[in-house]
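Here is a short report on a structure with more than one part to explore. Keep the 3D view open while you read.

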Amino acid sequence: MGDFIERSKFSCALGGALSTIAAIPKAVPIVHASGGCAAALSGTYNLSAGYRGVGYCGGNMIPTSNISQSHIVFGGEEKLVGQIESTLKYIKGDIYIVVTGCQTEMIGDDAVSIAARYQDRNVIGVSAPGFLGNTLRGYDAILSALVKNFIEKKEEKDVRTINLLGIVPGHDVFYRGNIAALTELLGKIGVKVNSFFGDAESVEKIKGYGNASLSVVLSEAAGQITAKQFETTHGIPYVTTDLPIGPKASERFLRLIAEKLGIEKDVVDDVVAAETKYFYSYLERIVDVAADLDFQRYVVAFTDSYYAFPLIDFVSEELGWIPHFVSINDLHDKKKQEEYSKKFETLTSKTKPQVIYEDKEGLAKKKLRASWPYNNNQKYYNALSPLYLIGSVVERDLANDYGAGFLSVAFPVSNRAVLNKGYAGFRGALSLTEDLLSNLVSAR
Amino acid sequence: MPVKLNENLKYNYLAADEPPVRDERVGGCIAYCGTCSCLQGDFKSGCAQAQNRVFSQSGGCQLGLAVGIINSLTRAVTIIHSPLGCCSGMAGMAGVRNTSRISRGLPAEEQVFIHTNMDELDVVSGGVEKLKRAIFYAEEEYHPEVISIVNGCVPGIIGADIDAVVRELEPQISARLVPIHCEGFKSRFVSSGYDAANHGILRYLIRDPQEYPQLTEEKQIKYDFQKKYRTSRTVNIFNVGSNSNGDEVELSRLVSALGLIPRVVPLNSTVDDLDHLGEAALNVSICATHDDYLLGHLKERYGTEYLLDVLPIGINCTNTWIRKIAAHFHLENEAERLIKQENEELLEAIAPFVEQLKGKKIFVGGGETRILTTAEFYKSIGMELVGVKAHNLDRFVENLLNDIQDPNLTIEVAAGQPAEELNTLNRLKPDIYIGHAGANGWVTKLGIPNIPLFGAPINYMGYSGAFELARRAARALKNTNFSKNISRHVGYPLTEEWMKLDPNDNIIQGARF
């Protein structure tokens with residue numbers, strides 16, 4: 001099982017559950033745990049996800065049973081019942097999700113059955129104690145419970161509707177912008193997106209998600225459980241691909257979905273041509289400065305698997321930068337690691353990056369250092385420079401050590417405020433380019 | 001006649017692996033809605049301490065406060081023995097640690113922390129092997145001076161013995177190992193976390209200082225004499241996580257102005273600083289809720305006298321703070337001269353703000369000591385205090401409550417519980433709110449302009465802090481568009497039924513848990 005982690009970039013399953021609930025419109029969590037869990041975990045995503053805020057009913061507004069010493073001995077189920085009933089009276093919500101913490105799971109409180117008693121009032125129960133896993137596990141716990149127990153079964157599927165999974169709210173700091181970008185892009189080829197967290201979503205709409213004819217999962221590490229649940233409960237097949245960033249990746253993404261849904265090639269061709277043209281009409285603006293100031297960089301990425309390949313793919317295939325080193329912090333299964341590493345072989349850059357899987361920050365840094373020959377005080381030294389580091393805020397000091405350009409994209413991001421920005425699709429990639437290059441010119 | 005705040009409290013817990021929680025050691029009230037005079041009566045009779053609430057929301061966890069202290073130490077690595085959620089916010093705090101250290105003139109340091117990442121298997125096995133590996137890893141990779149092991153709820157419930165791990169590994173590790181028992185479920189008072197961290201500091205980190213003999217007898221005599229003199233003039237000022245470097249500079253300035261030697265401990269200290277904690281004539285707390293446990297035990301260990309009862313916020317409290325310190329050294333005349341000059345300068349400086357703030361209604365929410373002293377300041381410059389809300393209420397603020405002299409003042413006791421607070425604020429309709437992190441956002445959504453009760457870069461304490469308090473409140477009232485817009489377009493999730501409810505109806509008697 002999992003070893004210890006240095007400078008973890010994940011919260012626990014309950015943290016992931018709360019971050020996910022906070023992204024569902026007018027959803028209210030009821031936490032069956034000790035008093036501090038809910039506010040602290042919600043605070044993690046408030047402060048470390050581009051200042052995403054606590055949301056509709058987050059932070060210390062979260063109804064909590066406040067389990068303490070005596071409940072550990074005598075059980076806390078009674079306390080939970082009172083909490084559910086008063087929450088229904090005092091907090092406006094379209095859905096109430098009872099989630100458990102470590103303490104109540106360990107003493108064997110049956111919160112899920114208690115929640116089921118209030119099913120007719122849109123209450124569902126989900127087991128999401130911290131020890132179940134990390135943030136991503138909590139995301140899947142909430143969504144798969146919704147898929148299983150809340151979303152209505154529909155025999156008739158809409159052949160042009162997909163469920164979009166794997167974009168974990170908060171953990172993907174740009175989740176709203178990314179969802180908006182992909183929803184708009186897919187709309188152009190006539191595909192409707194069920195996204196759970198998008199701008200026009202509601203609990204009422206989520207209830208109808210059984211209508212999709214395909215689930216698209218944008219992560220190897222999150223959304224897989226939910227996609228399987230959609231398959232077993234609602235008979236919806238799924239496909240796993242990468243978060244598309246930039247023209248080439250977005251084209252691949254559109255063609256994959258079009259093929260799965262049987263959309264005609266002409267439709268996709270037109271959209272790809274128009275969007276690529278749009279992309280380059282803006283990218284053109286930086287051509288002069290990029291050439292005059294020699295903006296080509298070696299690139300190092302310290303991220304999760306959700307962002308690692310998409311980011312490296314974009315900077316390598318579109319910007320022509322040199323992918324040197326990728327440290328991924330979330331895939332632990334050896335087989336999954338091997339498969340993920342293969343993606344980087346598809347890059348057309350002559351240099352392929354070294355890909356490592358490491359969740360101990362200190363060791364990842366050491367491996368980066370070892371990836372390039374040392375300077376032995378020779379007269380001519382081929383340095384790892386100029387270098388650009390894409391990671392999380394944790395790597396800011398590392399970038400300084402190397403004198404590298406730096407952009408925080410992966411969680412945690414506490415050095416930037418993020419509102420509706422996203423990096424996905426053709427247009428999101430323009431935002432990403434802006435941010436990457438702004439760092440290089442910010443001192444001018 | 002005010003009583004001593006910690007009368008009858010014992011400070012003899014260092015033989016135990018973990019300190020008693022505040023519930024047992026101090027007691028107090030976690031749920032109250034009423035007037036100041038009713039609360040005083042109910043507190044004396046013990047009824048206030050036996051209250052709880054029906055509808056409850058998330059409050060705090062003692063683990064966070066304990067880590068706030070222990071993780072601030074210089075060259076320290078913190079190991080969180082728990083699943084990944086506890087302290088998961090630390091990853092995003094790398095810059096905060098450095099800003100805080102650099103503001104104090106300390107070298108920047110990486111924020112290194114390790115989670116033992118307890119999973120379902122560890123719930124059964126205890127995860128002790130993983131913890132041991134984590135300790136060796138911290139030692140080998142970072143060579144820190146302190147490795148603290150912070151115990152979360154999961155190992156707390158299954159009874160994993162981190163003290164045994166520390167005893168076993170101590171001979172093999174050059175860093176000082178310190179186990180901290182701060183499981184969230186164990187206490188209804190987050191302030192237990194302060195005791196948990198201070199217990200660790202007292203029991204595991206403070207060692208007898210290394211003395212290096214001087215070369216000649218003459219030099220030795222001179223050295224000993226100098227040390228004795230320095231110790232006799234040294235005042236330890238005990239900082240807290242919520243105070244800024246500005247606060248420390250201001251309080252040190254005031255102590256220096258009396259001709260004494262200020263030393264700020266224990267946050268951001270090195271283990272060497274901690275070893276020399278005993279070399280002081282007086283230990284001065286700036287908040288009894290934070291560190292009575294530490295100062296009480298230091299008295300037992302070194303015989304150092306201490307002051308507990310004043311938080312130097314606002315003019316009157318800062319005056320009292322100076323007087324009490326001066327009295328210990330018989331510097332009463334010097335103190336009065338200093339106070340007179342400081343007060344004159346300050347009153348002149350804040351006069352324009354006082355003009356703007358006069359008669360405006362204010363509500364203060366947050367930690368018990370800070371809110372009562374902050375409220376006292378705003379009241380003293382002519383604002384109308386309409387209410388206060390304390391996270392919890394215990395013996396450490398009984399004197400401050402007596403000082404308020406407004407029997408009908410609304411007092412709410414609640415950790416977090418923004419629903420109760422918004423309900424109260426909606427009735428009282430203050431012009432400005434000053435509150436603890438986590439509350440201000442909701443108050444903005446209610447449409448009330450606000451400023452934070454504390455914050456890392458801001459000076460709140462001493463005379464310069466009083467100036468800042470006045471200046472910031474006046475500034476916040478100059479343009480209130482933000483809270484107006486947010487309340488109109490965002491709002492809060494509470495029902496009409498709740499907002500119409502008397503918050504006291506949500507309080508139940510005789511149900512402590």
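## A covered helix in chain B

Helix α9(B) is mostly covered, with twelve of its 14 residues buried. This is a predicted model. The helix spans residues 192–205 of chain B. From its first C-alpha to its last, α9(B) reaches 19 Å. That is close to the 20 Å expected at 1.5 Å a residue.

Which residues of α9(B) are buried? Start at one end: B:Ser192, B:Gly193, B:Tyr194, B:Asp195, B:Ala196 and B:Ala197 are among them. B:Asn198, B:His199, B:Gly200, B:Ile201, B:Leu202 and B:Leu205 are buried too. What do the buried residues pack against? Their partners in chain B include the helices α1 (22–25), α3 (62–70), α12 (271–275) and α13 (288–302). The strands β5 (146–151) and β6 (176–181) of chain B are also packed against.

## Where two domains of chain B touch

Chain B is divided into domain 1 (62–205), domain 2 (217–333) and domain 3 (350–508). The centres of domain 1 and domain 2 of chain B, taken over C-alpha atoms, are 27 Å apart. Their contact takes 20 residues from domain 1 of chain B and 15 residues from domain 2 of chain B.

Look at the domain 1 side of this contact. Three elements of chain B give two or more residues to it: α3, α4 (94–103) and α9. Which one gives the largest share? It is α9(B), with six residues. By class, this side of domain 1 divides into eight nonpolar, six polar and six charged residues.

## Where the chains meet

Now move to the contact between the chains. It takes 54 residues from chain B and 69 residues from chain A. On the chain B side, several elements give two or more residues. Among them are the helices α4, α5 (120–125), α6 (128–142) and α7 (153–158) of chain B. Further along, α18 (418–428), α19 (440–446) and α22 (496–500) of chain B also take part. So does the strand β4 (113–115) of chain B. The chain B side has 25 nonpolar, 19 polar and ten charged residues.

Strand β4(B) also pairs with a strand of chain A. Its partner is β1 (residues 5–6) of chain A. The two run in the antiparallel sense and share two bridges. In one pair, A:Ile5 is the bridge partner of B:His115.

## A sheet in chain A

Four strands of chain A form an open sheet, in the order β6-β5-β7-β8. The pairing is parallel.

Strand β7 (residues 212–217) of chain A is joined to β8(A) by three bridges. Here A:Val217 stands opposite A:Thr240. Helix α10 (residues 224–234) of chain A lies across β5 (158–165), β7 and β8 of chain A. It runs at about 165° to β7(A). Helix α11 (residues 247–261) of chain A packs on the sheet as well, touching β5, β7 and β8 of chain A. The direction of α11 makes about 150° with that of β7(A).

## An exposed loop residue

A:Arg117 sits in the loop between α6 (111–116) and β4 (123–126) of chain A. Is A:Arg117 buried or exposed? A:Arg117 is exposed, because 12 other C-beta atoms lie within 10 Å, and 12 or fewer counts as exposed. A:Val81 is 36 residues apart from A:Arg117 along the chain. Their C-alpha atoms are separated by 9.7 Å.

Technical notes. Residues numbered from 1 in each chain as written. Chains lettered and ligands numbered in written order. Predicted model: local features only at pLDDT ≥ 70, side-chain atom pairs only at ≥ 80, totals over all residues. Pairing = 2+ DSSP bridges. Contact = placed C-beta atoms within 7 Å. Axes fitted to C-alpha atoms, helices over the stretch in contact; angles between N-to-C directions. Expected span 1.5 Å × (residues − 1). Buried ≥ 20, exposed ≤ 12 C-beta atoms within 10 Å, placed from the backbone. Domains from an automatic or database assignment. Nonpolar A, V, L, I, M, F, W, Y, C, P; charged D, E, K, R; others polar.
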